[in-house]
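Please examine the sequence and the structure shown here before reading the report.

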Amino acid sequence: MGSPVFEEFDPESDCECPGCVSRRWTGSNSPPAPFGGRPAAHRVVIVATAAAAALGAAHAVPASAAPQTSDRPGVPAGDEPDTPQGGKAPLHGPAGQPARPGGLAGAVKTPRTTRADIIRRAKEWVSAEVPYSMSTYWYDGYRQDCSGFVSMAWNLPGNEWTGSLHQYGTRIAKEELQPGDILLFHNPSNPEKGSHVVLFGGWTDYTHSYYFVYEQTRPTARRQPTPYAYWSHSDRYVPYRYKGLSAVAPGSGEQAGASAGGGNTAGAASAATMPFPGRAAFGPGANNPYVTRLGRLLVERGGARFYASGPGPRWSASDGWATLAFQQAQGWRGADADGIPGPRTWALLISGRGRDIAPGGPPTAGTGPGSGGGAGGYPATGAAGAPAAPPVPRVPAYPGRGMFRPGAQNAYVTRLGKQLVKKGFGKYYTTGPGPRWGEADRRGVEAFQRAQGWRGGAADGYPGPETWRRLFS
């Protein structure tokens, strides 16, 4: 199982951070497009301004804004999600007239399900490329719009709509979101204007500014990185957790919420509630619930001696040492024992399988790549036999995309280039690196991005915040 593909997106067009302001200024003062003229957005403003001038002083006609477009394929454009929805209806559609949207009479039925099953059902529609429709129903009986999609993923007894789905969930906070929860926006004054609901698939990285969304929208069901909480009306989306959520698979006989000393039972519960979030959730700078879960699982498997306090949500050297010890207990060496949990490490921990950490001494020194006697960047242990507290590498603050554009000249470009050379991606430099951004810098960044497994717009040669973090980690 490979690492999930991560995509980096530019911030919104009205972002006021120094990097975005600089970028917009550079774009507005860019030279003419090839073969004469200026880009389409410039031409729209020029034509509209000329039309306004021709009308004279009697009436001032505002220039029409250029339609908002996306510079990355698959990224929605415009102000509203184009997702009109059908009303509340039984499976496979109503026998007569569609049911009028309204509240549910009495208690709602919430069939038991697990997070893994919710995501599995969502993936089935994505893989089948179910087309969007507010009036037709897929073979499983669920309506092919956004609310029908969530009704299907939650395995509800009928097709709900954005005005009723909240009754099947419990409102939660942003930091409580886990795969299988939803983000719901219902516009009561005009339900078909902006109302939308999506399924949360997990954070893309430790900043919690983007997440993987599963949603039903035109043209078909999809999964893609999306800014929190959504592209538009972000402040009006509310997180909910399904009321019928089971911590373990139905019929397994295992109790949810087992104590920390529950061994395999605790591991099975974790397996059902926390699929592997990706390596980006761990390592220096990470701060999220997955780090806490990892630490608790490592303590259960014999890693308590590595923690002076905690475990907690912020990644520390203790987490790295305990992970390394567990990996080496499985007989892994080299790149397989780097102190950062991968899919195999995570699967063994949450299922209770594999060997426990041996009591006593520290992890074996000299097994990790490029560490000079340590593993995965963690230094070898001292003479006392206990792991020394290794310094956590500090990632310099990301300066913004505006520092890495054609014509840019600053110290950050030099620093980036030197780090590319250090990481083995400096073959494009004939001289330097230096402070002026050039094609050698862009090609080096692109090569590094492709080495992460990224493709398309995610490997464009311009460093975003995740490229920067990985490059300097």
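## Basis of the model

This is a predicted model, in which local features need pLDDT of at least 70 and side-chain atom pairs count only at pLDDT 80 or more, while totals for chains, interfaces and linings use all residues. Residues are numbered from 1 along each chain as its sequence is written, and side-chain values use heavy atoms, with hydrogens and water left out.

Helices (H or I, at least four residues) and strands (E, at least two) are DSSP runs numbered from the N terminus. In strand β6 (residues 210-216), seven of seven residues are buried, that is, under 20% relative accessible area with a 1.4 Å probe and protein chains only. Y210, F212, Y214 and Q216 point one way from β6, whereas Y211, V213 and E215 point the other way.

Strands pair if DSSP finds at least two bridges between them. Strand β5 (residues 196-203) runs antiparallel to β6 and is joined to it by three bridges; W203 stands opposite Y211. The hairpin of β5 and β6 has six residues between the strands, and H208 in this turn has a positive phi of about 55°. On β7 (residues 221-227), seven bridges link the strand to β6, again antiparallel, and P227 is the bridge partner of Y210. Four residues connect β6 to β7 in a hairpin.

## Helices α7 and α8

Helix α7 (residues 317-329) packs against helix α8 (residues 343-351) at an angle of about 85°, with the axes 11 Å apart. Axes are lines fitted to C-alpha atoms over the stretch in contact, and angles run from 0 to 180 degrees between N-to-C directions. The two helices are therefore roughly perpendicular, a term for angles of 65 to 115 degrees.

T323, F326 and Q327 in α7 meet T345, L348 and L349 in α8, where contact means heavy atoms within 4.5 Å.

Methods:
Parallel < 35°, antiparallel > 145°, perpendicular 65-115°, else oblique. Buried < 20%, exposed > 50% of the residue type's maximum accessible area, 1.4 Å probe, protein only.
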